[in-house]
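Dear colleague,

Please find below the structure that I am handing over to you. My findings follow directly after it.

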Amino acid sequence: MALFLSDISSPDTYRVKNIQGADTTRLLEMGITPGIDLKVVRKAPLGFPIEIKVRGYLLTLRESEAKCIEIEG
Amino acid sequence: MNKEPLSIALVGNPNTGKSTIFNALTGLRQKIANYPGITVERKVGTTIIGGVLHKVIDLPGAYSLNYKKLDERIAYETLIGSYEHEEVPDLVLVVVDSSNLDRNLYLASQVMDLGIPVMLVLNMTDVAEGKGIKINPDLISSSLGIPVVAISAKNKTEIEKLKGEISNFDLSKPEALKWNPDDSLKEAMDLLINDWIKLHTDIPDRAQAIEALRLISEGDFKDAFYTFEDEGKGRATIRKAQQIIEQGGGNPMAAEVLLRYNFIGESTSEAATHSAQSEVSITDRIDAFVTHKVAGPVIFTLVLLFMFQAIFSWATPFMDMIDLLFVEGGNWVANTLPDGMLNDLLVDGVIAGLGGVVIFLPQILFLFFFIYILEGTGYMARAAFVMDGFMTKVGLHGRSVVPLMSGFACAIPGIMATRTIENWRDRIITIMVLPFMACSARLPVYALMIAAFIPSTTVLGIFTLQGITFFGLYIFGIVMAVFAAVVMKRIFPTGQQTPFIMELPAYKMPKWSVVFQNTAERGKVFITEAGKIIVAISIVLWFLASFPKTEMPQVVQSESTEYDSSFDITENPESYQLRHSFAGRFGKMIEPVIEPLGFDWKIGIGLITSFAAREVMVGTLNTIYSIEEEDGESSTLKEKLINDVNPETGKPVYSIATAISLMIFFALAMQCMSTIAIVKRETNSWKWPTAMFVYMTALAYISSFIAFQIGSNL
Ligand SMILES: Nc1nc2c(ncn2[C@@H]2O[C@H](COP(=O)(O)OP(=O)(O)OP(=O)(O)O)[C@@H](O)[C@H]2O)c(=O)[nH]1
Ligand SMILES: [Mg+2]
């Protein structure tokens, strides 16, 4: 079963497998490309957005974007 | 050597130092802060390099030419020469953050496809070094095929180096499509260019490839800024182009991006090396606290309260000084100049009006100082992150936090800053509720009313009633904004969840010179802008309040004679004259409308003049009360208000209920012509500013009415 960034709950490093869905272009443009490692740093007070570290910089994502990011299990 | 004058555009990802470079080159003072998306409009300046005067254009930051937001679109339009018929720049400086090279080069590779001479500026080399990143500019230059200069924009000599590179650049154009689109992508692009873009749109040649790529990945014309006919054919062509890619096994939304990142990876793999770095940076350590689930919102609240406290208490001694200065200055002018009209006009009109407003300069400086520090450190992006959940619940967006906080200073930059909000609905709700934030123009009115009518009793040991009222007014504005947003959220249908993809920049020490400079600049703007309106209004008002000259009847009233309601034994001739002036008569005419709110005709005139700008209120009251004052005495406006007595009833004009009603009115009413104008510009219609004016002012009237009626019956 495919695993998405929106499913995970522990702050850890994950490898991106694939990007899909409506925000594909934007997420790729921000450097979240297949094969890259990203680290989930923390969640905001109400669970979302989350803060990730990718290519050495910090980025926020809402649930709808996290759902587009398939990660390796 | 470049002997011809060039127009040089600064392009790059948000927060890479474009405006810093722009300021260094032009000597201008564009706002700089550590938050992605500070510059939201095009700004032009000039610089002299080797005796030649070049034009420099600062642009909003963009992650991609495939724009998602209005600020990004302005950058793209400027580059292809579609922005307000401006010419295509002769040279583009792509400013990149060296500590984050790959993502920054994505935009650079797009700009290289536009057929404009490009120079790559590797900025923030100091930050990159601190992170253990070593970059070889020559290698990058040879693999991209464009000149590269590595600088730190903070450093003056390195700016000189940049100037040298500009003047030596031969302006050769980069090779377009160096990232090598694969066959299916090429085929799809050609199809779109030949069957659609060339035939049906007015996109200039140089931008056709980029536009084709944009359409392929978007799949639609979403938000196109150019004109075209036969939309149906266009859609069909886009679809066909996408199918070509799908048949080749690719994803139209991903094909271009992946190829570009491959190209970038190859170009930088040798040129940039990361040495092993410590796992936890200072930024990580601060963030663990500042963006913490529980601590984060608490810190945000404390930051706000601390800011209000500073404005309220730290500014007081400076304000007292200014007050004294104007009173003494007025007395000096009054006694030095010969008696007469000019004397009256200067003392009662100009000095009184101006003094009433200049006194609030210290508070405004403190406010801007704080906001600039918060923005300079990088905290604002964290505030957006922490508050996003709450903001979304009430119909706003995490990105609304920064515009709303700028709203404490002034609604106008706040409304402009909403350009960074990508969803139209989120943006319009933010604009519509933003004027509820207690802007600095309201400060004069709040401060005057509080100082004069709220007792300075101490409550709970440490708080004063005045302080609590002051905080209360700020909180009141915030609560009303949230309330209005919740209502609007119901009125406007919800679309799907909107993205919140925001970079959190590394913390930086704010540049103190910039903080002080910007603060001083805002102070200057406040004085000159407010000053102009206030001097003009004061003069007109002085005239209207001083003429026609009427003599007070000389009959001596005795207790037994019939009472003439327009004349009272306690009234001095100046006050009689004022009530019979043009302004007085007009004020009396509108009095019935505002009487239920607890306002007399003098406040009424203030309300009318303050529709030009809120702070004019205090100047107006100052002018009116100075005219009324008997010659030879001079007291502060505060004293005059406290001592003002209604000649008809013999009771004080101001009660606490009146003061509260007036503050509520100012908190809620839309009394700012500049805000109306900017909302018209940003929404491109009269619909929104009209709606804003009506709902805010109606809300103000009703709330003040309720407050006064309850207050005066207690
Ligand atoms: N350490 C360091 N900081 C820099 C340098 N250049 C700019 N900064 C800082 O980086 C932040 C962003 O600078 P700006 O000039 O506002 O960036 P910008 O590209 O105009 O940003 P937007 O208008 O938001 O797109 C500010 O805090 C600057 O002080 C540099 O070379 N070194
Ligand atoms: Mg800028």
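Asp183(B) counts as exposed, because its relative accessibility is 63% (buried means under 20% relative accessible area, exposed over 50%, partly exposed in between, with a 1.4 Å probe and protein chains only). The model is predicted: local features need pLDDT of at least 70, side-chain atom pairs count only at pLDDT 80 or more, and totals for chains, interfaces and linings use all residues. Residues are numbered from 1 along each chain as its sequence is written, chains are lettered from A and ligands numbered from 1 in the order in which they are written, and side-chain values use heavy atoms, without hydrogens and water.

Asp183(B) lies in helix H7 (residues 183–200) of chain B; helices are DSSP runs (H or I, at least four residues), numbered from the N terminus.

Turning to the aromatic rings, 22 aromatic pairs are found over all chains. Rings of Phe, Tyr and Trp (its six-membered ring) pair if their centres lie within 6.5 Å; planes under 30 degrees apart count as stacked, over 60 as edge-to-face and the rest as tilted. One pair is formed by Tyr67(B) and Tyr76(B), tilted at 35 degrees with 5.8 Å between centres. Tyr67(B) is buried at 4% relative accessible area, and Tyr76(B) is buried at 0%.

Phe470(B) and Tyr474(B) also form a tilted pair, since their planes are at 55 degrees, with ring centres 5.3 Å apart. Both residues belong to helix H21 (residues 465–491) of chain B, and being four residues apart, they are separated by about one helical turn. Phe470(B) is buried at 1% relative accessibility, as is Tyr474(B) at 0%.

Yours sincerely

How values were computed
Helix = DSSP H or I, 4+ residues; strand = E, 2+ residues; numbered from the N terminus.
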